[in-house]
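Please examine the sequence and the structure shown below.

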Amino acid sequence: MKQHQLRHHHVLRAACLLLLVSITGIAAFKLPYSHSNFVQNHMQGRKGRVFMTQASDDCDRRSLLSAGAVLSSFFALSLSSTPPARASVAFDPDRYGDKELKIATVNKLKQKLRNAIAGDLSLAVAFVRLAINDGIGYDAATNEGGPDGSIAFEMDRDQNAGLKPALETLLKVKREIQSTNEVTFGDVCAFAGAVAIESTGGPRIPVQLGRTDSGAPNKNNVGASGYAWNSMSGDGLLQTFTKAGFGAREAVLLYGAMGAVYLATKDAGKTAGEVDADIDDDGEIEAFIPNTFGKQSDIYGAQLGNRKFDASYLAQIAKGQTVGLGSVDKALADPQLKTFVGKYAGNNNAFLKDLNECYLKLTTLGYQGTKRND
């Protein structure tokens, strides 16, 4: 039953109870604490309760009229209230505890993701794909879907072809971190794409912590018919991004970043060697809190890959060249995307700046802030 239907059902039920109470001489009672908690309790298998106290047996005309007035107001409320919009990705900023615990979790997560890429450079492109496909399942029209980790249940879809090894790597990272720190798969996936970009020389991208995992596949995250990895078209790419509230600009930026990661790693060999981490006696990575301004490599090590992360991929696409990402190369050459491909191919600074903003938007689609006491 939909949320607004539940709301009307329980409002009407409460109104009927009001009328019944007045007629039978029950003078005071307490309704369920809130509609949202009432529905939540039913979802969790608990029944909402109405607590009543007995009064005298007197039931005069005034009490009946009063109940009728309340009943009328409840009917008016039920007919005039607009059901609240549903945001599908709940973010709990307090999920990871205080600031020090958050820093420790982020440092450990980033280091493990970087080590995974260093051990297999092909994972860099796959991590970016996973992050894009997890977030792009958002439906702007219904406010459903988004970067909630549902991609873990969607490996049978054409857009995710070839991503299973990368997914298994991320699930392993999640299990390892959970031995000492809480972390959700939605957060792991969002960080994975950002770390892949940063580790190969791209901009440092802030990632919001605290996603709540969906625990099930997203029925909306199927992508247009032309969004399959092995047969992507410009139409399919643009339709999929448009459904999520994005457009040609975001499609070019995110797939341009994937191309940049691909160029940075494709000729660098299979691995870049294991990246050392600061491990304490308990096997945990020490939280790094810099007291001076230094380079990114001072924290997480040297750049992975053997060439600069920039807009070179888009520059080659703009020239009509085939770079190596198969149908993605052809999709980005579509006339519908040509304007933004040309814009960023000729302006590397704009590409890096706008990519930072675009990735943050991708990983917060469907955002709904929550509090522990909600």
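Is Asp 354 buried or exposed? Asp 354 is buried, its relative accessible area being 10%; buried denotes under 20% relative accessible area, exposed over 50%, and partly exposed in between (1.4 Å probe, protein chains only). The model is predicted: local features need pLDDT of at least 70, side-chain atom pairs count only at pLDDT 80 or more, and totals for chains, interfaces and linings use all residues. Residues are numbered from 1 along each chain as its sequence is written, and side-chain values use heavy atoms, with hydrogens and water left out.

**Salt bridges overall**
- The whole structure contains eleven salt bridges, each defined as a side-chain nitrogen of Lys or Arg within 4 Å of a carboxyl oxygen of Asp or Glu.

**Asp 354 and Arg 249**
- Asp 354 pairs with Arg 249 in a salt bridge whose closest N and O atoms are 3.7 Å apart.
- Because Asp 354 lies in helix α14 (residues 348-362) and Arg 249 in helix α9 (residues 248-265), the pair ties together parts 105 residues apart in sequence; helices (H or I, at least four residues) are DSSP runs, numbered from the N terminus.
- Arg 249 is buried at 17% relative accessibility.

**Glu 198 and Lys 110**
- The salt bridge between Glu 198 and Lys 110 has its closest N and O atoms 3.3 Å apart.
- This pair links helix α7 (residues 185-199), which holds Glu 198, with helix α4 (residues 99-119), which holds Lys 110, 88 residues apart.
- Glu 198 is buried at 12% relative accessibility, and Lys 110 is buried at 11%.

**Lys 266 and Asp 267**
- Lys 266 and Asp 267 form a salt bridge at 3.1 Å, N to O.
- Lys 266 is partly exposed at 37% relative accessible area, whereas Asp 267 is exposed at 54%.

Methods:
Helix = DSSP H or I, 4+ residues; strand = E, 2+ residues; numbered from the N terminus.
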